[in-house]
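Please look through the sequence and the model below before reading on.

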Amino acid sequence: MTMTPATPARRAARIERNTAETKIVVELDLDGTGRAELATGVPFLDHMLDQLARHGMVDLTVRAQGDLHIDAHHTVEDIGITLGQAFKAAVGDKKGIVRYGHAYVPLDEALSRVVIDLSGRPGLEFHVPFTRAMIGTFDVDLTHEFFQGFVNHAQVTLHVDNLRGDNAHHQAETVFKAFARALRAAVAVDARAATAIPSTKGTL
């Protein structure tokens, strides 16, 4: 793995992850315009990551080659891991950020809530009762694997709740859109505390 950390002027990072199962490059700019360049080999994940970029107002590039002849598990999980590493590098020391973010997002009959704390402590509560096991060729269990990988390596606390929904595609899309909006709120610069770490401990 190679890592390019964020710079003071630009909250951005590039991470490469190469294993026997996957080869992944993620480029992330937290102060972007919502631009996405995605080639994961998993079309539904591309669709979800596009939601993350657009609604999170981040610029995101993901290129992945994985052992899709087996299934998409390693690819989706490792993209979550690599995105988490890129996020941790891009957000830096977290000085001046809001730290917390939450969002509710509806899509027709579906409604999801995501709450995030850039705490420095990985923790995931994931409660999404998908109404079917597959969305096209995408195994819905991989949604949890993606977020677990992200949380473990971004070192954030994340609560994901689908409050209602009958259509599994709508359930997943509201989760990713709410995640994007919550993340956008959490990394926003707090003008009233622009030089402070948002913690009584003085570090996150």
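## How the helices cross

A crossing of two helices is left-handed if the near helix is turned anticlockwise from the far one by less than a right angle, and right-handed if it is turned clockwise. Helices (H or I, at least four residues) and strands (E, at least two) are DSSP runs, numbered from the N terminus. In these terms, α2 passes α3 in a right-handed crossing. The contact, meaning heavy atoms within 4.5 Å, involves residues of α2 including H73, V76, F87 and K88, and residues of α3 including L142, F146, F150 and A154.

Two packed helices are described by the angle between their axes and the distance between the axes. Here the axes of α2 (residues 73-91) and α3 (residues 141-154) come within 7 Å and cross at roughly 30°, where axes are lines fitted to C-alpha atoms, for helices over the stretch in contact, and angles run from 0 to 180 degrees between N-to-C directions. That makes α2 roughly parallel to α3, since angles under 35 degrees count as roughly parallel, over 145 as roughly antiparallel, 65 to 115 as roughly perpendicular and the rest as oblique.

## About the model

The model is predicted, with local features needing pLDDT of at least 70 and side-chain atom pairs counting only at pLDDT 80 or more, while totals for chains, interfaces and linings use all residues. Residues are numbered from 1 along each chain as its sequence is written, and side-chain values use heavy atoms, with hydrogens and water left out.

T75 has its place in helix α2, and at 1% relative accessibility T75 counts as buried (buried means under 20% relative accessible area, exposed over 50%, partly exposed in between, with a 1.4 Å probe and protein chains only). Leaving aside neighbours within four places in sequence, T75 is in contact with T22, I24, T40, V42, A64, G66, D67 and L68.

## Strands and loops

Strand β4 (residues 36-39) and strand β5 (residues 59-66) pair in the parallel sense over four bridges, pairing being assigned if DSSP finds at least two bridges between two strands. Together with helix α1 (residues 43-56), β4 and β5 make a left-handed β-α-β unit; a crossover is right-handed if, with the strands pointing away from the viewer, the path from the first strand over the helix to the second runs clockwise.

In the loop between α1 and β5 lies M57, whose phi is near 55°, a positive value in a residue other than glycine. M57 counts as partly exposed, at 29% relative accessibility.
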